[in-house]
Every structure is written in structure tokens, then in C-alpha cells.
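Here is a briefing on one protein model, written for a reader who works with coordinates. Please look at the fold before reading on.

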Amino acid sequence: MTKPSLPELLHAAVAAVGGMERPGQAAMAEAVAQAIDDGTHLLVQAGTGTGKSLGYLVPALAHGDRVVVATATLALQRQLVERDLPRTVEALHPLLRRRPEFAMLKGRSNYLCLHRLHEGVPQEEEDGLFDPFEAAAPTSKLGQDLLRLRDWSDETETGDRDDLTPGVSDRAWGQVSVSSRECLGASKCAYGAECFAEAARERAKLADVVVTNHALLAIDAIEGAPVLPQHEVLIVDEAHELVSRVTGVATGELTPGQVNRAVRRAAKLVDEKAADQLQTAAEGFEKLMELALPGRLQEVPEDLAYALMALRDAARTVITALGSTRDRSVQDEDAVRKQAMASVENVHTVAERIANGSEYDVVWYERHDRFGASLRVAPLSVSGLLRDKLFTDRSVVLTSATLKLGGDFNGVGASLGLAAEGVEGEDLPVWKGIDVGSPFDYPRQGILYVARHLATPGREGSRTDMMDELAELIEAAGGRTLGLFSSMRAAQAAAEELRGRLDKPVLLQGENTLGELIKAFAGDAETCLFGTLSLWQGVDVPGPNCQLVVMDRIPFPRPDDPLMSARQKAVEEAGGNGFMAVAATHAALLMAQGAGRLVRATGDRGVVAVLDPRLANARYGSFLRASMPDFWYTTDRNQVRRSLAAIDQAAIDQAAKAAV
């Protein structure tokens, strides 16, 4: 039997998921197959509606090597494991004459821990020594969650938190899960043979396709001890998120509460001298943190360096003591010891990292109204780490609807540690970028309107002219508006103002779960939904109920963001344009994602309105516009109101016709 061609395989897979073949999808599949065959790397921009999941799954499955697919969102992981992979595998089976296995793998804390569930959480003295299942009143929310988790543990096959519906609070989940550092290990744990996390790892070892998340991919790259099974092909979907997820995993934090927790956990297991040394160091650190002012520390001050070295040395003493003493009078000693070790090791690692003061790290204080001060440290750049850890010994495909910023892939490529496209060198990964377009006719389906007549937004203060403009646009659109704001304060102010002005429901992020808000927004044409950055990528509402997407301003990073400003300064010191490389690239990515909320299907029509004149007037405006879908562009406010009214009327007529 002759080997099936890639178009034949793609045709079978698309038919199996009930989709439609797209030229962009076929071009993507060919490019992915070529990169895997050549052992090179590929960046693919594939617009909404291209069907990019099959565009990479089909060539990867056809090739036969083990594949890891890393995604940023739970929604896409679920789509891959519950829909795309099962149907694709079945469709390709007669052609490939094999049935590839697939599995989901996440970090350990995502799985129910049977030891925690049955033995309880090791408690600190101050909290009282009790079983949380007994202490939490069955009538309380926590008690109800814990009882439900106990029942669920008998039914679930995976123990995966995301399979529990409805979900439970982070506090409840924390009672029944462990981090990898707190885990006793399957060989030492009484429940090791039934462990959900271990079972997931075993399934992953046997699978041809492993679906995971960016965070676990980052842990695998950073920590050295492999978490993911050996693989020949890595596919990173939603790749525009990768740098921020890797940065998050590589960020360390110290707070007085966290240090005091480590003291309490270790105190019952080590001698008094070691415990007192850590207690004294913790008190010194806490006094300093009471005076901490938010902002970047260009250099670690002498008093902070002294406090951190005291913490580091005391933590090292306790770690040694924890490893050499045994106290059988402590109930469930192994679990208590493991939890204490994890807490103290974290204090030691972060204190040592900040005290050492690497030029490649950024250190800053943060203050939170509820949790007080924290000391944070993050890498100035993760590009070197990604270049060294991601692009060696395997072919890597990175894909997203937004990778091409300002007209090329070099901005995103640089953030991943790649040289400019086409530049070759001995240690430089070989890569190319391809934009397979979108099935949507953006110039005919959408308008990009910039309110050029408005005042330039300042850092603070009300924007009366912007509120007037927003109200008029929503009225013209008949509701149907997704408002994307650069801060929660701005979203709240707009919601409050417009609820008083308009006879239309205005939903606000945070007033209900995101799922419920999106459901309500999608279900009523007159409803508006306002929110902030996390909404920009989570809303998928095809059809007439989202016909106006408004951005209040260009979402540049805050000038006082310690990490972003440090990265910008580093680019400038190296002779580059820090503003364009960091701030403008950050804004371009978010605006491309935000504008992508408008057209989600071939029949969608509407307007993206940016209420910030800098998009039209500033020199960088053309770079930002070139990163967004190719909508018809205008600054004519009267034209856009007429267009919105016409789109609204067409939607009303269509709804009336459907109702007949």
C-alpha cells in the first residue's frame, strides 16, 4: 500500500471534525511537515478560523515521532484532548494503519493527592493540629467543597482539577493537592500505587502525543530534571503567551508570611538552635519589609543584603538539620518533613538568588493592599534560556494568530532567542516564519476606527470626551459591545458611568465568573461586557451579539512596571530602540489579540474602535496598526456611526426573519 499523501490525511481529519478545508490550513500542514523532516524550526501565524490545530496535528501524527503539544489555555487543551485528537486519530487510522496514543500531562499540583485527602494537611502549631475535613463545618463553603472532593475522589479516573465541575476554591484545592517539592514520592507514599499524578506521567510515557501547558514546558526547561518524556517534535500553540509564562515560572518571591510559615513548619522538626536562627532571620526580614516602598531595586541595599544572607544561612542550617533528624512523636512525620523542607528550600533559593545580585535579574518590591509587601526577582530576559533549552535536539513549531508584529516575525523571534530570520551562524537555530493568512475577508467584514479627535489619554484623571464617544458608539451599535480596558479601574469607571447613561445592560468583569459573564453577553444583543487584559484573549462570541470591540487606550506597560522598564533600558543600553522592542511590541500583541475578538466567523461584521488618537497620530501608530487584522481603516466618526447603525439594523432584520 502506498504511503498516503499529506492532503489525503488532512482531508480525512477535517471531515472527521466536521470542518471545512482552508488553503491556509493546507499551507500550514505542508510547512510543518517540512520543518519536522528537516529538523528545523517554524513560526506560523494562522488567523482565527484557519483550523491550526489540525494544521499541526496531522503532519505531526503522520511523521510518527513522539510529539509534545504545549498550549497556554485550558480551553485549547480540552479541545485537543476531547475533540480534535480522538477524531483525528480515528480518521487517520485506516490510512496510517496505526492508532497513535495521546495523553494530557500537567504539573503535580493540578492532581488530587490521595495522601493529603486521607491523612489531612500537616498543620502549623498556630493553626491548631487538626484534620481540616473534621474542622471545616459541613455547612461552610470550605466544608462543602472538601466533602465534595472526598466523594469525587471515588469517581474520578484522572484526579485532574479541571475535570471537577463545578470547581472548588483555591483554598479547598490546596487542602488536597501538593507541589512537586512537597510530594513524598510514589515509593514512600502509602497511596503511591493509586497516585493520579504518577498515573498521568505513566500515560504520558507511553503516548505518541503529549498535551501539556506552557508552565510545565517552562519547568521542564528551567529545572533540569526532565518532567516531560523524551520527544522529537515540540509544538507550541498560543505561542504569543510563551515568554510571559516562562518568565512567571522563573520568577521568585519572598514575603514575611511565607518565611514565617517556613519557620513554623520546620520548628517542630529541628533542634532549638537551628529553629531560633531561622526565627531571628525571619524577624529581621519582616522589619525591613514593613518599610519597603514599591519599585525596582537597581542594587540590593546593604541592610536588605544582610537580612537575605541571614535568611539564606539560617535556611541552609535548617535544611541540613531536617535531613539528619528523625522525630517519631510527630504524626505523619514524612509528610510534615517534606512540607517543611519545601518551604525552607524555597526561602533559601530565593534569598540566595537575590543576595547574589546577578546582572541578569531584576529585583523589586511590591505592595498589595491585602497581603502586604513582597520582594520579587525575575530574569531580565528569558531569550537565552529559550534558545538554549527549547531549540536543541528537536524540531520546534510555534503557532498563534498573532506572531507577526509590525509586518515581520523578528520581534517575537528575538524574544524567543532567535536571530533575525535568514541570519545564519554556528550556534544559531535555523528557522523561518510563515503567515498562512485567515479565511476571513477582514477589509469587508470589519472597520478599524481610531477616534483621532479625542484628547491624548494621560496617566490619571477622567476622560470625559472618551466617555461621551463610548456612549455614542454603543448607542449606534445597539449594545453588542465588548469593552477592553487597560486597567480594572478604567473598566469600573466606564461601567459605572454608562450604567447611568444608557438603557442597556453593562456587565463588568469580576462581578461574576468569566464563563457566566460571557454566556450572558453572548445571549443578549443589547448587553455590553467590560473588562481588562485577561478578557482580551478569553472571549469567543461569533455572531451578531459582538459587533463593536472598544479599546480605551493603547495598552503600553505601566511606566513603573519594574520588569518591563528594566527590559526596555537593557535594549537601549545595547544600542537598540527599547520603546519599540519592549513597550510597542507588548502593546501590539495585546491589540492584535483584542481586535481578534471581533471577527470569529465568516458572517461576522463590525467595528474595532480605539479611543486613543496616538494610534493615528504617533510615529509608532503604523507599527501597531500593521500588527492588527487588515480591517478597513477610518478616523471619520460620522462614517463609523452610520456603519454601526447599519450593522445593527441588519442584525435586527436577520433575527426577525429567523423568528418568523
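This is a predicted model: local features need pLDDT of at least 70, side-chain atom pairs count only at pLDDT 80 or more; totals for chains, interfaces and linings use all residues.

Residues are numbered from 1 along each chain as its sequence is written, and side-chain values use heavy atoms, with hydrogens and water left out.

**Sheet**

- Seven strands make an open sheet with parallel pairing, in the order β3-β4-β2-β5-β10-β1-β11.
- Helices (H or I, at least four residues) and strands (E, at least two) are DSSP runs, numbered from the N terminus. Two strands pair if DSSP finds at least two bridges between them.
- Neighbouring strands of this sheet are turned by 15 degrees against each other on average, direction ignored.
- Axes are lines fitted to C-alpha atoms, for helices over the stretch in contact; angles run from 0 to 180 degrees between N-to-C directions.
- Strands β1 (residues 41–45) and β10 (residues 395–400) pair in the parallel sense over four bridges. Glutamine 45 stands opposite serine 400 in β10.
- Helix α4 (residues 74–96) packs on the sheet and touches β2 (67–71), β3 and β4 (209–213). Its direction makes about 165 degrees with that of β4. Contact means heavy atoms within 4.5 Å.

**Helix α1 against α3**

- The axes of α1 (residues 6–16) and α3 (residues 52–63) come within 10 Å and cross at roughly 125 degrees.
- That makes α1 oblique to α3. Angles under 35 degrees count as roughly parallel, over 145 as roughly antiparallel, 65 to 115 as roughly perpendicular and the rest as oblique.
- From α1 come Leu6, Leu9, Leu10, Ala13 and Val14; from α3 come Leu54, Val58, Pro59 and Ala62.
- The contact residues of α1 with α3 are nine nonpolar, no polar and no charged. Ala, Val, Leu, Ile, Met, Phe, Trp, Tyr, Cys and Pro count as nonpolar, Asp, Glu, Lys and Arg as charged, and the others, Gly among them, as polar.

**Helix α3 against α4**

- The axes of α3 and α4 come within 10 Å and cross at roughly 45 degrees. The two helices are therefore oblique to each other.
- Residues of α3 in this contact include Ser53 and Tyr56, and those of α4 include Gln79 and Asp84.
- The contact of α3 with α4 divides into 11 nonpolar, three polar and one charged.

**Aromatic pairs**

- Rings of Phe, Tyr and Trp (its six-membered ring) pair if their centres lie within 6.5 Å; planes under 30 degrees apart count as stacked, over 60 as edge-to-face and the rest as tilted. By this rule there are seven aromatic pairs.
- Tyrosine 442 and phenylalanine 631 have ring centres 5.4 Å apart and planes at 90 degrees, so the pair is edge-to-face.
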